Amino acid sequence: MALTLVSSQHSEPAGCSASGCGGNESALAHLPPQIRDKVKDHPCYSEEAHHFYARMHVAVAPACNIQCHYCNRKYDCSNESRPGVVSELLTPEQAVKKVLAVAATIPQMSVLGIAGPGDPLANPERTFATFRELSDKAPDIKLCISTNGLSLPEHVDELCRHNIDHVTITINCLDAAIGAEIYPWIFWKNRRIKGRKAAEILIAQQQLGLEMLAARGVLVKVNSVLIPGVNDHHLEEVSRVVKAKGAFLHNVMPLIAEAEHGTFYGVMGQRGPTPEELQRLQDSCAGEMNMMRHCRQCRADAVGMLGEDRGDEFTLEKIDAMEIDYPAAMQRRAEYQAGIEQQRQQLHRRGETVISLDALRPQRHRSRPLLVAVASSGGGIINQHFGHAREFLVYEATALDVRFIGHRKVDLYCSGSDHCNEEESTLQQTIRALNGCEVLLCSRIGFAPWEALEAAGITPNGEHAMESIETAIAAVYQEMAAAGKLAITAPIALQRGA
Amino acid sequence: MAFTIISGCVNCWACEPLCPSHAIYAAIPHFRIHANLCSECDGDYSDPQCASICPVEGVILNGEGVAVNPLGSLTGIAPERMAKVMAEIQAR
Ligand code: SF4
Ligand code: SF4
């Protein structure tokens with residue numbers, strides 16, 4: 001294969017191994033070992049682990065203590081798949097039952113999160129009742145929460161008591177003037193507070209919470225919603241500051257705003273960022289700190305591997321009908337996850353011979369970067385039919401390496417109910433989402449979509465089905481470079497932004 | 001006098017634990033307030049707690065039957081704008 005060829009013709013030790021260029025876990029390479037260990041198996045945090053491990057969220061926290069302009073608490077559309085929107089509210093007892101049932105059925109299960117539909121810390125009794133039970137009954141499962149930060153400082157000690165070592169804080173700004181355009185009100189000390197003062201309090205609480213968690217050695221990830229014209233120029237500073245305070249990852253997510261969601265931004269016509277704008281911002285923050293680019297905006301009650309929602313298998317009735325031997329299930333998880341670790345070790349060993357395509361092309365002219373979209377249902381393999389893919393992994397191949405860039409999700413908006421805009425077919429949406437990509441790798445693809453993709457300048461390719469993603473991309477890149485398709489003088493489809 | 005919760009409540013539970021009079025309870029199709037328990041928070045808080053956290057406009061009425069959070073007061077979306085956009089969506 002391409003990789004063996006590359007390394008055998010390279011006179012120097014090939015690849016970048018620990019220096020962190022191109023490897024799957026490179027984003028973690030600079031972290032202290034104890035932090036890297038914590039992150040290693042977390043499918044939401046490790047770029048690599050999300051191929052192998054599963055997480056779930058339970059919806060036990062309905063109440064919220066702030067309002068964001070991108071959220072509408074009224075919304076409960078069955079087609080909804082925006083973050084934080086869930087249909088089935090669980091009591092802590094039901095939630096514990098569900099988690100144990102899922103963990104007995106899906107041995108990859110390693111993380112439980114509470115992220116909504118409101119704010120976990122605006123519902124402290126429900127959130128902590130769930131965590132208490134689970135630490136007791138399934139101590140191998142990691143716990144995490146995702147919060148707006150307003151009530152974080154007062155709950156840090158209790159969080160630490162439950163040994164919860166992952167916390168995500170959504171921080172959209174540090175500047176109260178910007179905050180006043182994002183948060184219309186907060187509930188604080190028994191009053192509703194509006195405007196700039198509300199933003200000031202929220203920002204101060206978020207920063208204090210972040211500092212307190214970092215001081216206690218708790219992993220903190222920061223999420224930011226990219227809102228063009230509101231905080232787009234500000235997020236680089238956010239990235240810098242939260243890193244300085246000890247956050248280990250910064251994840252920039254696109255604003256999703258549609259009028260039919262009834263949110264302030266949706267109704268006022270505020271647009272979300274284009275995939276290119278999002279990528280440009282992630283690139284410009286990348287120099288400052290690790291950006292988590294594989295984040296998919298999963299439903300808060302999603303079950304299963306990231307991007308694969310198996311919630312329907314675990315409705316309350318079905319759970320009640322299950323008989324589960326919990327200790328046996330925990331044992332199975334331990335064995336299964338040990339197997340995963342072996343598999344990952346092997347991948348790493350192979351990965352070390354990657355990937356200096358330049359070595360093959362000692363000529364003077366260099367080749368330009370190429371964006372490749374991949375349909376994969378997990379495992380780091382090209383194993384999904386184009387027609388089944390709801391989201392695509394996007395990689396950037398250069399003469400030096402193959403780097404994971406992020407996800408492009410197709411079905412972010414409603415489809416299939418009367419009040420949703422169906423003018424745009426899924427195929428058209430997909431093509432729009434893949435803007436900037438020149439190659440699409442999948443296991444299979446139908447004739448009609450093939451033609452449509454080609455017409456849009458995206459070359460579909462099914463020849464690498466069941467191959468490892470990065471190996472296949474390296475091979476495709478090399479082939480295109482050899483054919484002169486990537487010459488630096490050729491028109492560059494996507495100029496990476498500064 | 002007592003506050004009431006009317007249709008439009010999204011059953012988010014935010015108000016229930018805040019009520020100093022334990023007057024709020026979960027019900028179907030939406031949360032309700034025991035009229036004889038509600039004190040309008042008098043003597044406990046300067047602002048009525050349920051209406052200070054409720055995220056939905058128009059669903060909590062005060063003793064006079066007036067919405068404590070009228071349309072537009074929480075989202076910042078002017079009612080005319082909302083009506084126009086919703087009409088556009090309907091017309092699609
Ligand atoms: S006004 Fe006060 S006492 Fe009455 S229901 Fe609301 S929170 Fe309870
Ligand atoms: S806060 Fe408002 S929407 Fe939520 S349960 Fe109470 S009345 Fe209903």
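Rings of Phe, Tyr and Trp (its six-membered ring) are taken as a pair if their centres lie within 6.5 Å, with planes under 30 degrees apart called stacked, over 60 edge-to-face and the rest tilted. The structure above is a predicted model, in which local features need pLDDT of at least 70 and side-chain atom pairs pLDDT 80 or more, while totals for chains, interfaces and linings use all residues. Residues are numbered from 1 along each chain as written, chains are lettered from A in the order written, and side-chain values use heavy atoms, without hydrogens and water.

By this ring rule, the count over all chains is 3 aromatic pairs. One of them joins F264(A) and Y265(A) edge-to-face, at 5.8 Å centre to centre and 65° between the planes. Both F264(A) and Y265(A) are buried, that is, under 20% relative accessible area with a 1.4 Å probe, protein chains only. Another, F386(A) with F392(A), is tilted, at 5.8 Å and 35°. F386(A) is buried because its relative accessible area is 7%, and F392(A) counts as buried at 0%.

I turn now to the interface. Contact, meaning heavy atoms within 4.5 Å, links 27 residues of chain B to 27 residues of chain A. The two chains bury about 2200 Å² between them, 59% of it on carbon and sulfur atoms; this is the accessible area (1.4 Å probe) lost on being put together, summed over both. W13(B), L74(B) and R92(B) supply 20% of the area that chain B buries against chain A, more than any other three residues.

Which side chains meet in a salt bridge? They are D47(B) and R191(A), at 3.1 Å, N to O, where the rule asks for a Lys or Arg side-chain nitrogen within 4 Å of an Asp or Glu carboxyl oxygen.

Key:
Buried means under 20% relative accessible area, exposed over 50%, partly exposed in between (1.4 Å probe, protein chains only).
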